[in-house]
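Here is a short report for a first look. Take a moment with the sequence and the model before reading on.

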Amino acid sequence: MPDLSGINKMTKEIKRSDGRRVNELREMKAKVGVVPNADGSAMFAFGNTVAIAAVYGPRQLHPQHMQDPSRGILRCNYDLLSFSVYDRKRPGPSRRSQEISKVTEWALQPAVDLSAFPNNVVDVQIYILQADAGTRTAGINAASMALAHAGIPMRDLVCSVALGKNDKTLIVDLTKEEEDFSEGEGATDFAIAKLGNTDEFSLMQMDGKIQPELVNEVLRLGKEACDEILEAQKKALKESVESEEEK
Ligand code: CDP
């Protein structure tokens, strides 16, 4: 359990509806190799939020005018499956899915080295099987593991989590119920991604409001959460290597 000293200096510890402490992640599940037909794949879950990612490539990019002769291109596609949410989600791309695909690409790019693959593309397909908030962050965690599983040259893994403010209290890994909290100052959703072994952040997105003096505390809690996520990702990758070796 991470050190709680210094947490929420401005507020008191609150009881969350699922009994978690303010800085406690939901139960994580991580598994590599869940899509046999892909070059690399992974599943990552935060509680009831479940994401799978499948990687294809590097392969030649068509149409040709989209190719970059100096390096390969990373292309991400994120979507919610129709049955992943309470109201059926209309199939096909939306403004939301396009935005999340783009920020996922940006979040992963600093970790991936495609300089050896000019004119090629690495496609990352991310689908959300079950959504209970934090789907972009679960998707990034799954995608980072799937890229490593596919043998794509990487500088690091990418770890991602959503933090937030529930009225006045900072909390880690919000559920949909917590994201919809509307009393007092309401809810703030602050998604981050960072490289696993450095302090380089590759995603920071916020919905809602936060006092500027709380931002550093959000990042500190985010880093602690990312350390736990990195361990879960590494464990799953190690297990997949061990099971390959046994075959
Ligand atoms: O999922 P994430 O927190 O990254 O992104 P969001 O756009 O803030 O969505 C928050 C949550 O709203 C999702 O995780 C789903 O639980 C829910 N949602 C939904 O029920 N139907 C949609 N069409 C989109 C989102």
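## Backbone features

Asn 119 sits in the loop between α1 and β5 (120-130). This is a predicted model. The phi of Asn 119 is near 65°, a positive value in a residue other than glycine. Most residues other than glycine have a negative phi, and most peptide bonds are trans.

Two cis peptide bonds deserve a look. One joins Gly 57 and Pro 58, with omega about 5°. Pro 58 is placed in strand β3 (residues 49-60). Another joins His 62 and Pro 63, with omega about 0°. Pro 63 falls in the loop between β3 and β4 (73-80).

## Helix packing

Helix α1 (residues 95-108) packs with helix α2 (residues 135-149) at an angle of about 45°. Their axes are 10 Å apart. The two helices are therefore oblique to each other. Their crossing is right-handed.

From α1, the contact uses Arg 96, Glu 99, Ile 100, Thr 104, Ala 107 and Leu 108. From α2, it uses Thr 135, Arg 136, Ile 140, Ala 143, Ser 144 and Leu 147. By class, six of these residues are nonpolar, three are polar and three are charged.

## Ligand surroundings

Which residues surround the ligand? They are Leu 80, Val 85, Arg 96, Ala 131, Asp 132, Ala 133, Gly 134, Thr 135, Arg 136, Lys 176, Glu 179 and Asp 189. Among them, Arg 96, Thr 135 and Arg 136 also belong to the helix contact.

An oxygen atom of the ligand is 2.8 Å from an N or O atom in the side chain of Arg 136. For the side chain of Glu 179, the corresponding distance from a ligand oxygen atom is 3.3 Å. At Gly 134, a polar backbone atom is 3.0 Å from an oxygen atom of the ligand.

Definitions and conventions
Residues are numbered from 1 along each chain as its sequence is written. This is a predicted model: local features need pLDDT of at least 70, side-chain atom pairs count only at pLDDT 80 or more; totals for chains, interfaces and linings use all residues. Side-chain values use heavy atoms; hydrogens and water are left out. Axes are lines fitted to C-alpha atoms, for helices over the stretch in contact, and angles run from 0 to 180 degrees between N-to-C directions. Helices (H or I, at least four residues) and strands (E, at least two) are DSSP runs, numbered from the N terminus. Angles under 35 degrees count as roughly parallel, over 145 as roughly antiparallel, 65 to 115 as roughly perpendicular and the rest as oblique. A crossing is left-handed if the near helix is turned anticlockwise from the far one by less than a right angle, and right-handed if clockwise. Contact means heavy atoms within 4.5 Å. Ala, Val, Leu, Ile, Met, Phe, Trp, Tyr, Cys and Pro count as nonpolar, Asp, Glu, Lys and Arg as charged, and the others, Gly among them, as polar. A residue is near a molecule or strand if one of its heavy atoms lies within 4 Å of it. A polar contact is a pair of N or O atoms within 3.5 Å; within protein, one must be able to donate a hydrogen and the other to accept it, and residues adjacent in sequence count only if both atoms are side-chain atoms.
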